[in-house]
Amino acid sequence: MDRYARWNALLELLAESGRVSVEDAAERLDVSQATIRRDFDQLAQQQMITRTRGGAVANGVSYDLPLRYKSAKHSAEKQRIGEAAAGLVTPGTVVGLNGGTTVTEVARALAVRPDLNAGGEGSQLTVVTNALNIANELLVRSRMKIVVAGGVVRPQSFEVVGPLGGALLKEVTLDIVLLGVDAVDVDLGAASHHEGEAAMNSLMVARAKRVVVIADSSKLGGHAFARICPITKIETLVTDSGASADTVARFREAGVQVITA
């Protein structure tokens, strides 16, 4: 396991349990305690964790892990979800995309679709996003029209939040929004860990004719701090085949079309 993979694994352990010892981390990752101590020291220098005697504890950042440390988790499922969600987009439409690793896979799938990049009259796709990494993915790979909301950038997710971006979103109409979320539940709706992201995402939902939530099965039935929208606003949920039959049935009973990739 290389250093990047170890750091990702250590941050995930801390996000789940809040605290981990050097001995426990070394045993779980099958590396030496000296290696774990160096990893902890380096992560503490980056203010990703708080070093303690004999281990480390999660700080505020660790709960909402930066995007670059999330990319390896459920990566195969997210790629399949991204391709399935991109398949819902038709040429010539206006698409809203927020941030996150799953939405990144959607952007990559959109960028390689020849029918969305043909350049013919009426076929050009317009993408409205509040995520800088999503805009970059599409700019370097496609010929789409990219509209980026302004505001303050959150380094954890590369998403832009605040009233400046909200002002733009209030003036546009989206044919479809493909929304990455931190949690989605039949009773609680779609939610985000950060209230600023939730507010921007809620505006996208309000301006969209169709709302599609994209979430791997680990996020189904979960909850997060700030609600984006109730379940009644969601037309379609795109998830992976790891979702249980009971969970899928609950969403369908609530009137949500469920696509498993």
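Modeller: Helices (H or I, at least four residues) and strands (E, at least two) are DSSP runs, numbered from the N terminus. In this predicted model, residues are numbered from 1 along each chain as its sequence is written; local features need pLDDT of at least 70, side-chain atom pairs count only at pLDDT 80 or more, and totals for chains, interfaces and linings use all residues. Side-chain values use heavy atoms, with hydrogens and water left out.

Biologist: Where does Asp-30 lie?

Modeller: Asp-30 sits in the loop that runs between helix H2 (22-29) and helix H3 (33-45). Its phi is positive, about 60 degrees, although Asp-30 is not a glycine.

Biologist: Is Asp-30 buried or exposed?

Modeller: Buried means under 20% relative accessible area, exposed over 50%, and partly exposed in between (1.4 Å probe, protein chains only). Asp-30 counts as exposed because its relative accessibility is 71%.

Biologist: What does UniProt list for residues 3-58?

Modeller: The unreviewed UniProt entry gives "domain: HTH deoR-type" for residues 3-58. UniProt positions follow the numbering used here, feature names are shortened, and annotations may be inferred rather than shown by experiment. In the model, this span is 64% helix and 20% strand, and its end C-alpha atoms lie 19 Å apart.

Biologist: Which residues of helix H7 are buried?

Modeller: Helix H7 covers residues 132-141, and its buried residues are Asn-133, Ile-134, Ala-135, Glu-137 and Leu-138. An α-helix has 3.6 residues a turn, so residues three or four places apart point the same way. The cover over the buried residues of H7 includes strand S4 (94-97), helix H6 (101-111), S5 and strand S6 (145-148).

Biologist: Which residues is Thr-129 in contact with, leaving aside its neighbours within four places in sequence?

Modeller: Contact means heavy atoms within 4.5 Å. Among the contacts of Thr-129 are Ile-134, Ala-135, Leu-97, Val-148 and Met-204. Thr-129 belongs to strand S5 (residues 126-129) and is buried because its relative accessible area is 0%. A polar atom of the Thr-129 side chain lies 2.8 Å from the backbone oxygen of Leu-97.

Biologist: How many salt bridges does the structure hold?

Modeller: A salt bridge is a side-chain nitrogen of Lys or Arg within 4 Å of a carboxyl oxygen of Asp or Glu. The structure holds 9 of them. In one, Glu-137 pairs with Arg-108, and their closest N and O atoms are 3.0 Å apart. Glu-137 is in helix H7 and Arg-108 in helix H6, so the bridge ties together parts 29 residues apart in sequence. Glu-137 is buried at 11% relative accessibility, and Arg-108 is partly exposed at 31%.

Biologist: Which strands hold Lys-209 and Asp-175?

Modeller: These two residues form a salt bridge, with 3.4 Å between the closest N and O atoms. Lys-209 is in strand S12 (residues 208-214) and Asp-175 in strand S9 (residues 174-180), so the pair ties together parts 34 residues apart in sequence. Lys-209 is exposed at 62%, whereas Asp-175 is partly exposed at 24%.

Biologist: Which residues form the nonpolar patch on the surface?

Modeller: Patches are made of residues with over 30% relative accessible area and no salt bridge: like charges are joined within 9 Å, nonpolar side chains (Val, Leu, Ile, Met, Phe, Trp, Tyr) within 5 Å. Here Leu-132, Val-148, Val-153 and Phe-158 form one, with about 280 Å² of accessible area together. Such areas come from the Shrake-Rupley method with a 1.4 Å probe; for residues, only the protein chains shown count as cover. Phe-158 is in the loop between strand S7 (152-154) and strand S8 (159-161). It has a positive phi of about 65 degrees although it is not a glycine, and its relative accessible area of 31% makes it partly exposed.

Terms used. Polar contact = N/O pair within 3.5 Å; in protein donor to acceptor, adjacent residues only side chain to side chain.
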